[in-house]
Amino acid sequence: MHSSGLGRAMGAIAVVAVFGALLVLLVSGSLHMPGLPPPVTPDLVPDPLSTQGYRQSVELGGLARATLNSALVCLIAVPLSVLVAATAGFALTQVSPRTARVVIGLSLVALMVPAIALLVPRFALFRALDLTGTLAPLIAPALIATSPLYPLVYYLAFRAVPAELYDACRLEDMSPLRIWWQVGMPLVRPVTAGVAALTFVLTWSNFLDPLVFLYERDTFTLPLALRSLATLDPTDFPVFLAGAVLATVPALMVFAVAQRGLRLRKGQGE
């Protein structure tokens, strides 16, 4: 047990070291003075130190409006995805084992279908509905939990709950909806935190869907706005890196909040 915990700790340290070093280089590069040639070697402390890259990234890339658009999509898509995934996962525990196996098999098949293969039929559908050029196509995947993986994750979590607990709830004449909300969901809060965090990052960083469905700059999300900054002159690399920092911070904050929630839940359990 001790060796297993030590292995997990060493793995976590290695991951933090790698991504931490990349994050330091990203922040350091964003603090260079725009317009100057890129340094030959990584310069952790730029000279001169400048924050003009952040100001120019907001002005040139329209990051303020793009951030609001991305936040609006996530604000709707993340709770909706969690709701659909949680209800679907719980429903799988309440049906017959044969039906559950069929649904799980179909979900696994859906996971193997490349997302890009669905772009053409999705585009045709949303164009027929006159929804292209709006944020609706970016929110729509939440209606099917964003990914077929998330209902399966909830299914495994709800199935781990002792069946006797569900039976006791039925004896108390509780409806399936009450059992799901009052009994099941409180017991799988770590899963909810994990699914919400993953859905947020997937939605926040989604580049392909906005590229296909959005045409007006006022509707651009953050990944599209960052792509426009990537076309600047190489001497303006701090502007692009500053935009990347601004886009990365919300994702890090969400993961930090989710991790804190998991730790608090673990402490309460102990």
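Trainee: Where does Thr146 lie?
Mentor: Thr146 belongs to the loop that joins H6 and H7. Helices here are DSSP runs of H or I with at least four residues, strands are runs of E with at least two, and both are numbered from the N terminus. The model is a predicted one, in which local features need pLDDT of at least 70 and side-chain atom pairs count only at pLDDT 80 or more, whereas totals for chains, interfaces and linings use all residues. Residues are numbered from 1 along each chain as its sequence is written, and side-chain values use heavy atoms, with hydrogens and water left out.

Trainee: What is the phi of Thr146?
Mentor: The phi of Thr146 is near 70 degrees, which is a positive value in a residue other than glycine. Asp173 also has a positive phi, about 65 degrees, although Asp173 is not a glycine.

Trainee: And where is Asp173 found?
Mentor: Asp173 sits in the loop between helix H8, residues 163-171, and helix H9, residues 176-187.

Trainee: Back to the whole chain, then. How many helices and strands does it have?
Mentor: The protein chain has 13 helices and zero strands. Its C-alpha atoms fill a box of roughly 70 × 60 × 30 Å along the principal axes.

Trainee: At what angle do H3 and H7 pack?
Mentor: Helix H3 (residues 63-94) and helix H7 (residues 149-159) pack at about 50 degrees, and their axes are 7 Å apart. Axes are lines fitted to C-alpha atoms, for helices over the stretch in contact, and angles run from 0 to 180 degrees between N-to-C directions. H3 and H7 are therefore oblique to each other. Angles under 35 degrees count as roughly parallel, over 145 as roughly antiparallel, 65 to 115 as roughly perpendicular and the rest as oblique.

Trainee: Which residues make that contact between H3 and H7?
Mentor: From H3 they are Val82, Ala85, Ala86, Ala88, Gly89, Phe90, Leu92 and Thr93, and from H7 they are Tyr150, Pro151, Tyr154, Tyr155, Phe158 and Arg159. Contact means heavy atoms within 4.5 Å. By class, the contact of H3 with H7 has 11 nonpolar, two polar and one charged residues. Ala, Val, Leu, Ile, Met, Phe, Trp, Tyr, Cys and Pro count as nonpolar, Asp, Glu, Lys and Arg as charged, and the others, Gly among them, as polar.

Trainee: How do the axes of H3 and H12 cross?
Mentor: The axes of H3 and helix H12 (residues 222-229) come within 8 Å and cross at roughly 155 degrees. H3 and H12 are therefore roughly antiparallel to each other. On the H3 side the contact uses Leu63, Ala66, Thr67 and Ser70, which meet Leu222, Pro223, Ala225, Leu226 and Leu229 of H12. Seven of these residues are nonpolar, two are polar and none is charged.

Trainee: What about H3 and H10, at what angle do they pack?
Mentor: H3 and H10 pack at about 145 degrees, with axes 9 Å apart. In H3, Thr67, Ser70, Ala71, Val73, Cys74, Ala77, Val78, Ser81 and Val82 take part, and in H10 they meet Thr192, Val195, Ala196, Thr199, Phe200, Thr203 and Trp204. The contact of H3 with H10 comprises 10 nonpolar, six polar and no charged residues.

Trainee: Changing topic: how much space lies in the largest pocket?
Mentor: The largest pocket holds about 860 Å³. Of its 29 lining residues, the closest to the centre are Ala115, Leu118, Arg122, Pro141 and Thr146. On a 1 Å grid over the protein atoms alone, a pocket is an open set of points with protein on both sides within 12 Å along at least five of seven lines, a cavity is a set where a 1.4 Å probe fits but cannot get out, and lining residues have an atom within 4 Å of a point. Points are joined across faces, edges and corners, and a volume is the space filled by probe spheres set on them.

Trainee: Which helix gives the most to the pocket lining?
Mentor: H5 does, with four residues. The lining of the largest pocket divides into 22 nonpolar, five polar and two charged residues.

Trainee: What lines the largest cavity?
Mentor: Ser70, Val73, Cys74, Leu138, Thr203, Asn206, Pro210, Thr221 and Pro223 line the largest cavity, whose volume is about 60 Å³. H3 supplies the largest share of that lining, three residues.
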